[in-house]
Amino acid sequence: MQSAAKIAEIKSNLKLPAICAPMFLVTTPEMVIAASQSGIMGCYPATNARTADDLRAHLTQISNALDDHTSQWAMNMITHTSYGRFEEELAMVQDFKPSIVITALGGPHRVTEAVHSYGGLVFADVNSPKYARKALEKGADGLVLVCSGAGGHTGEYAMIPFIEEVRRFFDGPLIVGGGIGTGRSIRAVETLGADFAYLGTRFLACEESMINDAYRQMVWDSTMEDLIQSRAITGALGNWMRASVEAAGLSAEALQSSAKIDFSADMHEGGKAWKHVWSAGQGVGGVTSRETVADIVDQLRQDY
Ligand SMILES: Cc1cc2nc3c(=O)[nH]c(=O)nc-3n(C[C@H](O)[C@H](O)[C@H](O)COP(=O)(O)O)c2cc1C
């Protein structure tokens with residue numbers, strides 16, 4: 001199936017053109033299931049499973065819960081060459097057949113053949129026009145444009161010119177993220193030509209998320225002015241909540257440095273990033289109270 005037809009089919013089964021974006025040490029299988037059952041698309045980051053056996057169990061849980069084919073779900077995987085579990089994850093993609101595979105931190109070419117073989121689509125997560133071109137050359141069907149203000153590893157380019165720039169050389173499927181947290185923002189990016197809005201921070205503190213109470217409280221208490229951007233925590237530019245950076249004892253000088261990007265170690269055992277230094281995007285001010293995924297999607301739909 002052509003990607004445009006596949007996108008139309010996916011959208012016809014959604015109540016809102018939105019994806020609950022994958023978040024390391026945040027997204028649970030329950031969150032993916034709740035998102036997809038509420039009428040948006042859930043996305044499971046493979047890295048959230050500590051072992052390959054855990055990943056198989058989580059994907060089994062998701063695909064069993066969503067086996068009526070109107071519920072769509074996506075999977076996110078790291079394709080960087082230093083990431084040691086890649087082959088095992090790819091085999092599971094073929095077994096569980098998520099509608100969309102979103103590749104991050106590496107090229108999409110390592111998964112396209114496998115995903116296309118069952119009719120799925122590959123989207124590459126990119127943060128610049130240069131990487132967008134590269135991903136397309138390497139066979140991505142679509143792009144996830146991560147714009148400035150995003151939670152996690154953020155982009156540096158403002159959403160509107162980034163979309164416009166990419167539209168000058170690509171008229172295929174686009175997912176766009178970075179600070180989208182309301183129904184009207186979803187409507188706005190659709191008007192700008194995006195197929196789907198990518199929402200992370202809006203779902204960060206939902207009931208189904210795995211973050212602890214202190215992280216949840218910090219999300220509720222924070223606004224965009226409580227974030228700092230740094231390359232020092234993981235090696236890639238990220239948005240981090242200042243209070244968690246301070247609590248982890250990181251100095252202003254340390255934050256000016258740049259860590260080395262490496263996925264060869266056990267990411268669950270790693271340093272302070274994600275576990276003790278907590279990320280959120282610039283839309284964090286819109287997250288203020290305890291909600292389930294279904295509550296959030298209801299709110300988004302009314303507002304849309
Ligand atoms: C705590 C946190 C963890 C994240 N982890 C991942 C991840 O593992 N893989 C990934 O591709 N993106 C990750 N992201 C980025 C999101 O998928 C998405 O690009 C981003 O949240 C969109 O911007 P928003 O937070 O402003 O909605 C993470 C974001 C947050 C807030």
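User: How far does helix α3 (residues 52-65) reach from its first C-alpha to its last?

Analyst: This is a predicted model, in which local features need pLDDT of at least 70, side-chain atom pairs count only at pLDDT 80 or more, and totals for chains, interfaces and linings use all residues. Residues are numbered from 1 along each chain as its sequence is written, and side-chain values use heavy atoms, leaving out hydrogens and water. Helices (H or I, at least four residues) and strands (E, at least two) are DSSP runs numbered from the N terminus; the expected span of a helix is 1.5 Å times one less than its number of residues. Helix α3 has 14 residues, and its reach is close to the expected 20 Å: it is 20 Å.

User: Which residues of α3 are buried?

Analyst: Buried means under 20% relative accessible area, exposed over 50%, and partly exposed in between, with a 1.4 Å probe and protein chains only. On the other side of α3, Asp 53 and Asn 64 are exposed. The buried residues are Ala 52, Leu 55, Leu 59, Ile 62 and Ser 63.

User: How wide an arc do the buried residues of α3 cover around the axis?

Analyst: The buried residues are Ala 52, Leu 55, Leu 59, Ile 62 and Ser 63. They lie on the same side of α3 because their arc, taken from the directions from the helix axis to the C-beta atoms, is only 90 degrees.

User: What do the buried residues of α3 pack against?

Analyst: Contact means heavy atoms within 4.5 Å. By that rule, the partners are α2 (29-38), β2 (41-45), β3 (73-78) and α4 (86-96).

User: How many of the ten residues of α2 are buried?

Analyst: The buried set runs Pro 29, Met 31, Val 32, Ile 33, Ala 34, Ala 35, Ser 36 and Ser 38. What covers them includes β1, β2, α3, β3, α9 (201-204) and α13. So α2 is mostly covered, and its buried count is eight.

User: At what angle do the axes of α2 and helix α13 (residues 293-303) cross?

Analyst: Axes are lines fitted to C-alpha atoms, for helices over the stretch in contact, and angles run from 0 to 180 degrees between N-to-C directions. The two axes come within 9 Å and cross at roughly 35 degrees.

User: Is the crossing of α2 past α13 left-handed or right-handed?

Analyst: A crossing is left-handed if the near helix is turned anticlockwise from the far one by less than a right angle, and right-handed if clockwise. Here α2 passes α13 in a crossing that is right-handed.

User: How do the residues of the contact of α2 with α13 divide into nonpolar, polar and charged?

Analyst: α2 gives Met 31, Ala 34, Ala 35 and Ser 38, while α13 gives Val 293, Ala 294 and Val 297. Ala, Val, Leu, Ile, Met, Phe, Trp, Tyr, Cys and Pro count as nonpolar, Asp, Glu, Lys and Arg as charged, and the others, Gly among them, as polar. The division is six nonpolar, one polar and no charged.

User: What is the phi of Leu 25?

Analyst: Leu 25 lies in the loop between β1 (18-20) and α2. Leu 25 is buried, at 17% relative accessible area. Its phi is positive, in a residue other than glycine, and is near 60 degrees.

User: How far apart in space are Pro 173 and Phe 196, C-alpha to C-alpha?

Analyst: Pro 173 sits in the loop between α7 (159-167) and β8 (174-177). Pro 173 counts as buried, at 7% relative accessibility. Pro 173 and Phe 196 are 23 residues apart in sequence, yet in space they are separated by 8.6 Å.
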